[in-house]
Amino acid sequence: MNDSSPAPEEFGGLGIVVPQRITLDAPLLLDCGRTLAQHELMVETYGRLNADRSNAILICHALSGDHHAAGFHAAGDRKPGWWDNCIGPGRPIDTDRFFVVCLNNLGGCRGSTGPGTINPDSGKHWGPDFPIVTVRDWVRSQALLADHLGIRQWAAGIGGSLGGMQIMQWAIDLPERIRHAIVIAAAPKLSAQNIAFNEIARQAILSDPEFHDGHFYEHGTVPSRGLKLARMLGHITYLSDEAMRAKFGRVLRGGHMQFNYEVEFEVESYLRYQGQQFVDRFDANTYLLMTKALDYFDPARDYSDDLVAALSHASARFFVLAFEADWRFSPERSREIVQALVAAGKNVSYALIESQLGHDDFLMPLPEYHQLLRAYLNRVALEVGA
Amino acid sequence: MRPELRIIAEWIEPGARVLDLGCGDGALLAHLMQSREVSGYGLEIDPANVLRCIENGVNVIEADIDAGLEEFGDQSFDYVVMSQALQALQHPDLAIQEILRVGQVGVLTFPNFGHWRARTQLVRGRMPMTPALPSRWYATENIHLCTVNDFEALCQEQAWSILRRNFTGPAQRQGWLSRTIPNLFAESALYMLKGAIPAAA
């Protein structure tokens, strides 16, 4: 949701960045019981890995994110990567000090192995045959990537929303491989309400006649109506009531009521636009997978539903951040994580950031937010000699 | 570091688990971490102070003490410290109860409203403004001021044991006076308390 879009040379960030496709040959056993003999991940890296390989930061993306976190792919690009305001030389995640790695997760639709890529066994699109992946699977896949890059331990893992959940899972599953866990606008697991929203989004996709049970690639169709609806619903949950009121109010585009179902209110226009944009860049099967990964995320489940027991395995220092206006993963959900970490005797800090927008605030360059990240990462840099 | 914080630091055993309520910029915890290998967390409501704690490498949790400590387990800390915040709370008595539930012991400090300087201003018919109470009556955060005698009366009523106490004056030369007649001469009072009912372990 970056509104400003200056040209790369004016932006003062990373400039042009080049993604790379990395093949990971080690077999990957997934939670669902299936094994991928090999898989590919699209990856972007910024900054330089230092001599003792201690300055690497992992960025995990949220539901619809990808590997393109910062900089521009081409000079004419309208928008930089999704977290460009935070990553770059002199920015809170300072690429002059850190080696930053961001990837498109397994099952994604931006070049990593997923439903839209070709299954080498069948020569056809994976489609609905692509295994349902979990946050734990992503951590395993990301660990293979870390091995490939020669990174034994991340100086920090950072993620917002579903990205924050991956960071928590890292700290629990591979404690020795992550020094600092920065968990932003996340939750220890989804509430019934969260799952309900995801289910409506999935039903919108599954019931689109163009979906063809996930085989729409072969049919040459796109379940655009379903995907659009799913995204419209998502957008409502990313913004606060107040933000929508401030941004759109109840303004009628034509100035008067038309007594039909065309776009009348500004907010309808906004949602339709956002929905359509999404159809042009996202894959319906991936959306199903990602929402399912969110629903399944529950690290306490492996520890008799005891989050304290789950987190007692962690050795990372945690920094948990939440936003006042976020109702999708409200500050109370972040406090649950903090509470469990305190009960487990772990090092944790928690900051509540004054905000208006809602869940999407984690992508915004709010001064208080960036100051906190900068201050925390300064300490990390001193610690690892970056 | 404020002299008062230095005294508190001396009271805390090395290696202890400490919760510091209203921790400010985290100076006490930073000092305890370095000098006494203490582990712990600060609670702080002011975002500017939260940022300073992060800069100081101190574990800080942004929270409102008035909203309670229910997130923390019974007797889950060796020490719960609250320095110069009691008088700014909605329910200081309930806060102390909570402190003594969460901590094995509580360490509390507050400005003594019985200090002679405050008294003389009140005698003249004005609300006191002193180095320990620097704000005007309408601008002060302090809503529940008490004297040393008031505080000890509350401890007695609630059957809290006073394990240690110390008093500081505005200047060292007044130290002996503040120790002998604290209710009149102590500018600031420090107490270490233990709860009435031992926790069911």
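The following questions and answers cover the interface of chains A and B in a predicted model, and a surface patch on chain B. Local features need pLDDT of at least 70, side-chain atom pairs count only at pLDDT 80 or more, and totals for chains, interfaces and linings use all residues. Residues are numbered from 1 along each chain as its sequence is written, chains are lettered from A, and side-chain values use heavy atoms, without hydrogens and water.

Student: How much area do chain A and chain B bury between them?

Tutor: Buried area is the accessible area (1.4 Å probe) that two parts lose on being put together, summed over both. Carbon and sulfur atoms carry 50% of it here. The value is about 1,600 Å².

Student: Which side chains meet in a salt bridge?

Tutor: A salt bridge is a side-chain nitrogen of Lys or Arg within 4 Å of a carboxyl oxygen of Asp or Glu. The count between the two chains is one. At 2.1 Å, N to O, the pair is Glu71(B) and Arg335(A).

Student: Is Leu122(B) buried, partly exposed or exposed?

Tutor: Leu122(B) lies in helix α5 of chain B, residues 116-123 (a DSSP run of H or I, at least four residues). Buried means under 20% relative accessible area and exposed over 50%, with partly exposed in between (1.4 Å probe, protein chains only). Leu122(B) has 41%, so this residue is partly exposed.

Student: How many residues does the contact take from chain B?

Tutor: Contact means heavy atoms within 4.5 Å. Chain A gives 21 residues, and chain B gives 18 residues.

Note on methods
Patches are made of residues with over 30% relative accessible area and no salt bridge: like charges are joined within 9 Å, nonpolar side chains (Val, Leu, Ile, Met, Phe, Trp, Tyr) within 5 Å. Accessible areas come from the Shrake-Rupley method with a 1.4 Å probe; for residues, only the protein chains shown count as cover. Helices (H or I, at least four residues) and strands (E, at least two) are DSSP runs, numbered from the N terminus.
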